[in-house]
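Biologist: Could you take me through this one, starting with the sheet and then moving on to the ligand?

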Amino acid sequence: MELKDAIMNRRSIRNYAKKEVPMHLIGEIMEYARFAPSAGNIQNWKFVVVTDAKKKKEIAEACLGQYWMTKAWAYIVVCNDYKKVTTLYGKEGKMFSMQDCAIIATYIMLLAAEKGIGTCWVGSFNAAELQRILSLPEEIDPEIVLTIGWPEEKKGLPQRNDITDIIFFERWGNKLAAEKPSILEKAKGLLKKEPALS
Ligand SMILES: Cc1cc2nc3c(=O)[nH]c(=O)nc-3n(C[C@H](O)[C@H](O)[C@H](O)COP(=O)(O)O)c2cc1C
């Protein structure tokens with residue numbers, strides 16, 4: 001599968017089949033995901049993989065009662081081991097460390113999509129509760145909970161803002177590229193040539 005297909009296939013999946021995602025597939029995903037970039041190559045990420053039903057329910061509760069999560073086969077909790085990043089980069093370090101976690105989470109979601117595995121990023125949670133449930137040390141932040149499982153729903157293309165409304169050239173608000181004024185219009189045509197996902 002090409003990268004663009006994985007990007008177009010990935011949707012937030014909140015409805016999962018009762019079917020195992022073998023740990024070796026999760027291992028494969030993580031083996032590639034760890035090549036994501038990170039500030040100073042510090043790789044300030046650690047992961048807790050959760051499959052235990054009772055623990056999944058507790059975590060769903062800590063995610064402000066998002067009980068749909070319990071249908072997922074597993075959660076991958078992306079944890080932020082930010083200390084080295086803040087030591088090296090000072091004030092910006094915390095932000096860098098969060099960005100690092102966001103990047104690797106995105107890699108995980110795309111690698112999963114490549115295998116037909118569904119994921120959803122869950123960012124709303126009570127961090128202290130997650131810390132307790134997962135026995136995280138005090139200096140480790142839970143950053144993202146990714147649900148992972150075989151999709152039991154098919155989703156179409158989501159709403160996205162038009163490319164011509166989000167890209168400016170050389171200065172804020174300028175929608176035309178000087179040399180090729182129609183460059184974005186051409187890019188817009190790309191998706192129309194591909195069948196919409198159903
Ligand atoms: C930072 C962030 C936090 C999110 N938190 C939640 C969440 O707590 N619960 C949830 O169901 N989805 C959450 N999502 C998923 C978004 O709702 C979803 O990505 C968005 O609606 C676009 O849909 P798509 O992922 O299918 O393209 C989050 C996504 C991001 C990037």
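**Sheet, helices and ligand**

Modeller: This is a predicted model, and in it four strands form an open sheet in the order β1-β2-β4-β3, with antiparallel pairing.

Biologist: OK, which strands are at the edges?

Modeller: The edge strands are β1, residues 45-50, and β3, residues 118-122, each of which pairs on one side only. From one strand to the next, the twist averages 25 degrees.

Biologist: How many bridges are there between β3 and β4?

Modeller: Five bridges join β3 to β4, the strand made of residues 141-149, and the two pair in the antiparallel sense. Within that pairing, G118 stands opposite G149 in β4.

Biologist: And what does helix α2 touch on the sheet?

Modeller: Helix α2, which covers residues 23-33, packs on the sheet and touches β1, β2 (74-80) and β4, with its direction making about 30 degrees with that of β2.

Biologist: Which strands does helix α5 lie across?

Modeller: Helix α5, residues 93-114, lies across β1, β2, β3 and β4, and runs at about 5 degrees to β4.

Biologist: Zooming out, how many helices and strands does the chain have?

Modeller: The chain has eight helices and four strands, which follow one another along the sequence as α-α-β-α-β-α-α-β-α-β-α-α. Its C-alpha trace spans about 55 × 45 × 30 Å along the principal axes.

Biologist: Switching to the ligand now, which residues are around it?

Modeller: The residues around the ligand are R10, R11, S12, R14, Q66, W68, C120, W121, V122, G123, S124 and R160. Sorted by class, that shell has four nonpolar, four polar and four charged residues.

Biologist: What do W121 and G123 do there, backbone or side chain?

Modeller: For W121, a backbone N or O atom lies 3.0 Å from a nitrogen atom of the ligand, and for G123, a backbone N or O atom likewise lies 3.0 Å from a nitrogen atom of the ligand.

Biologist: And what about the side chain of R160?

Modeller: An N or O atom in the side chain of R160 is 2.6 Å from an oxygen atom of the ligand. As for cover, the ligand on its own has 620 Å² of accessible area, and the protein covers 61% of that.

Methods
Residues numbered from 1 in each chain as written. Predicted model: local features only at pLDDT ≥ 70, side-chain atom pairs only at ≥ 80, totals over all residues. Heavy atoms only, no water. Near = heavy atom within 4 Å. Polar contact = N/O pair within 3.5 Å; in protein donor to acceptor, adjacent residues only side chain to side chain. Areas by Shrake-Rupley, 256 points an atom, 1.4 Å probe, with all protein chains shown as cover. Nonpolar A, V, L, I, M, F, W, Y, C, P; charged D, E, K, R; others polar. Pairing = 2+ DSSP bridges. Axes fitted to C-alpha atoms, helices over the stretch in contact; angles between N-to-C directions. Contact = heavy atoms within 4.5 Å.
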